[in-house]
Amino acid sequence: MRQSSLVVVANRLPIDDSTAPDGACEWRRRPGGLVTALHSLLRQAPATWVGWAGGTGPAPTLPDVDGVRMHTVPLTVDDLRDHYEGFANATLWPLYHDAVEQPEHHRRWWEAYQRINQRFAAATADVAETGAVVWVQDYHLQLVPGLLRALRPDLRIGFFLHVAFPPPELFMQLPRRAELLRGILGADLVGFQRAQAAHNFAQLAVRVLGLPATDRQIVVDDRVVRIGSFPVSIDSAEMAALANRADVADRANRLRRDLGSPEQVILSVDRMDYTKGIEQRLKAYSELISDGHVKVRDTVLVQVAVPSRERVGQYQILRERVEREVGRINGEFGRVGEPAIHYLTRPFDRAELAALYRVADVMAVTPLRDGMNLVAKEYVAARVDDTGALLLSEFAGAGAELSQAYLVNPHDLEGLKQGLLAALRARPDHVRKRMRAMRAHLRKHDIHAWARSYLAALDDNGSLLSRLGTTR
Ligand code: ADP
Ligand code: F6P
């Protein structure tokens, strides 16, 4: 078994099996924030990524991707249903996102969560060199740090939660809350997107486990576990370079023409998820049309909503509701060749996304709750001429950083409508000033800065960082 000095452990591998029309198996980068964040970092390091390849049955053997070894962990049909669709995405996901949908609790799901976390910990123990740095990602694998420490006490273990972490009152609903907290506390460093999340976690360590804790550290079995916030970011330079490409500019111009050359284009790009506030946004847009504030001929909305977690009931219901609403709005307000909403559900490659961002005069990112939201950051990075207004939810992690965005509370329909109108009608010099400030922020706080600050905190003597070359 080949071993590595840096191992990333995440539920998913960064690529996905998308079978081509001729039946040939192709591996393609998956949409999703975690993949976007880690992809650019690992290209620089000889590392192994432990994860699931999508699908069920025996784990496929995958080629290296940009020099990163892919180590697959298999899931059976039952594992997929009870771990990924069950405990991860129908218990933890809704609970961690303010319970905007009702979390479900089933003992069988918890058993599967333990079983799969064991499997990931064992696979990681096999591929990690002595003294390696292991970086465990996200809510699917919260027991892995504790399990891995028991198997391999020589490792330096980090855990980072990409999604929101709930207030203690919500987390306390989890029947197995103590086990989950102990699992995470197997790490040497626990990272969150926001300082409030680290605070919530410390409060829970005190309340549930009776441990001595501050917002910076928790003492467990005479070990100090450090905690902190490390807001994740994107490869801003890569997105700007993409947006600057002549073919991307041409594609953006073509897109604008194909959209009927409207005066203004509003864009939203989401996974089809009830946390993203898609329904609330559609309602606000449709009311602005019926109130007469927005004219379909002058303004179009492009809503990209790539299907996600399609076998989970709440996601199926959401998709049906969104599609019904898009149909209603287009039926009521569209004309032949002039729909009010252009609704697209397919995955786009990075250049297509960059072209979409270039074409959008207003980007509407209005989740009800989101750990960070990288789409907001991608839009800012792609606006290389400093134009474009970002409408952003206060409840996205990005809202805490991009304070020059047009910030809205997506639960407040009137506020959402006013925010959208303000972004549409903003004076160009104001828009430019805001965008320039946000772009400067992102140039400094990019994915490299994120990885550097997390790994520097995890890897005391700095040896890993110098090997990774992330010190630039
Ligand atoms: P989440 O992690 O909840 O999916 P983020 O906004 O943080 O949300 O990240 C979503 C990522 O997925 C972004 O990098 C975005 O560019 C990508 N993405 C979203 N929709 C698509 C799509 N239709 N095609 C390709 N990539 C997409
Ligand atoms: O950000 C949360 C997250 O689960 C990420 O881990 C992932 O990138 C994204 O949402 C997509 O979700 P899934 O892996 O369930 O398709």
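**Reading residues, cores and helix pairs**

Reply: Arg-119 has its place in helix H3, which spans residues 107-127, and please keep in mind throughout that this is a predicted model.

Me: Is Arg-119 buried or exposed, or does it fall in between?
Reply: Residues under 20% relative accessible area count as buried and those over 50% as exposed. Arg-119 has a relative accessible area of 25%, so it is partly exposed.

Me: Which residues is Arg-119 in contact with, once its neighbours within four places in sequence are left aside?
Reply: Those contacts are with Val-73, Pro-74, Leu-75 and Asp-79. As for Leu-458, which is 339 residues apart from Arg-119 along the chain, the C-alpha atoms of the two are separated by 24 Å.

Me: How should I read a positive phi?
Reply: The general idea is that most residues other than glycine have a negative phi. Here Asp-98, although not a glycine, has a positive phi of about 60°, and its place is in the loop between helix H2 (77-96) and H3. Asp-221, also not a glycine, has a positive phi of about 45° and sits in the loop between strand E9 (217-220) and strand E10 (223-229).

Me: What is the accessibility of Asp-98, and what is that of Asp-221?
Reply: Asp-98 counts as partly exposed at 28% relative accessibility, whereas Asp-221, with a relative accessible area of 70%, is exposed.

Me: Which residues of the largest nonpolar core touch the most other members?
Reply: Of its 96 residues, these are Tyr-96, Phe-120, Phe-165, Leu-180, Val-190 and Phe-201. If residues up to four places away in sequence are not counted, the residues that Tyr-96 touches include Tyr-139, Leu-161, Phe-171 and Leu-174, and also Gln-142 and Arg-369. Apart from this core lies another, of 67 residues, among them Leu-42, Trp-49, Leu-242 and Ala-396.

Me: How do I read the packing of two helices, taking H6 and H7 as the case?
Reply: One looks at the angle, the handedness and the residues that meet. Helix H6 (residues 177-184) and helix H7 (residues 195-209) pack at an angle of about 125°, with their axes 10 Å apart. That angle makes H6 oblique to H7, and the crossing is left-handed. From H6, Arg-177, Ala-178, Leu-181, Arg-182 and Ile-184 meet Phe-201, Leu-204, Val-208 and Leu-209 of H7; by class, the residues of this contact are 7 nonpolar, no polar and 2 charged. Phe-201 is also one of the core residues named above.

Me: What is the angle between H10 and H15, and which residues meet there?
Reply: The axes of helix H10 (residues 278-290) and helix H15 (residues 413-425) cross at roughly 65° and come within 9 Å. Angles of 65 to 115 degrees count as roughly perpendicular, and H10 and H15 are therefore roughly perpendicular to each other, in a right-handed crossing. Gln-280, Arg-281, Lys-283, Ala-284, Glu-287 and Leu-288 in H10 meet Leu-413, Glu-414, Leu-416, Lys-417, Leu-420 and Leu-421 in H15, a contact that divides into 6 nonpolar, 1 polar and 5 charged residues.

Me: How do H13 and H16 cross?
Reply: Helix H13 (residues 374-382) and helix H16 (residues 428-444) have axes that come within 9 Å and cross at roughly 110°, which makes H13 roughly perpendicular to H16. Lys-377, Tyr-379, Val-380 and Ala-381 in H13 meet Met-435, Met-438, Arg-439 and Leu-442 in H16, and this contact has 6 nonpolar, no polar and 2 charged residues.

Technical notes:
Residues are numbered from 1 along each chain as its sequence is written. Chains are lettered from A and ligands numbered from 1 in the order in which they are written. This is a predicted model: local features need pLDDT of at least 70, side-chain atom pairs count only at pLDDT 80 or more; totals for chains, interfaces and linings use all residues. Side-chain values use heavy atoms; hydrogens and water are left out. Axes are lines fitted to C-alpha atoms, for helices over the stretch in contact, and angles run from 0 to 180 degrees between N-to-C directions. Helices (H or I, at least four residues) and strands (E, at least two) are DSSP runs, numbered from the N terminus. Angles under 35 degrees count as roughly parallel, over 145 as roughly antiparallel, 65 to 115 as roughly perpendicular and the rest as oblique. A crossing is left-handed if the near helix is turned anticlockwise from the far one by less than a right angle, and right-handed if clockwise. Contact means heavy atoms within 4.5 Å. Ala, Val, Leu, Ile, Met, Phe, Trp, Tyr, Cys and Pro count as nonpolar, Asp, Glu, Lys and Arg as charged, and the others, Gly among them, as polar. A nonpolar core is a set of buried Ala, Val, Leu, Ile, Met, Phe, Trp, Tyr and Cys residues joined through side-chain atoms within 4.5 Å. Buried means under 20% relative accessible area, exposed over 50%, partly exposed in between (1.4 Å probe, protein chains only).
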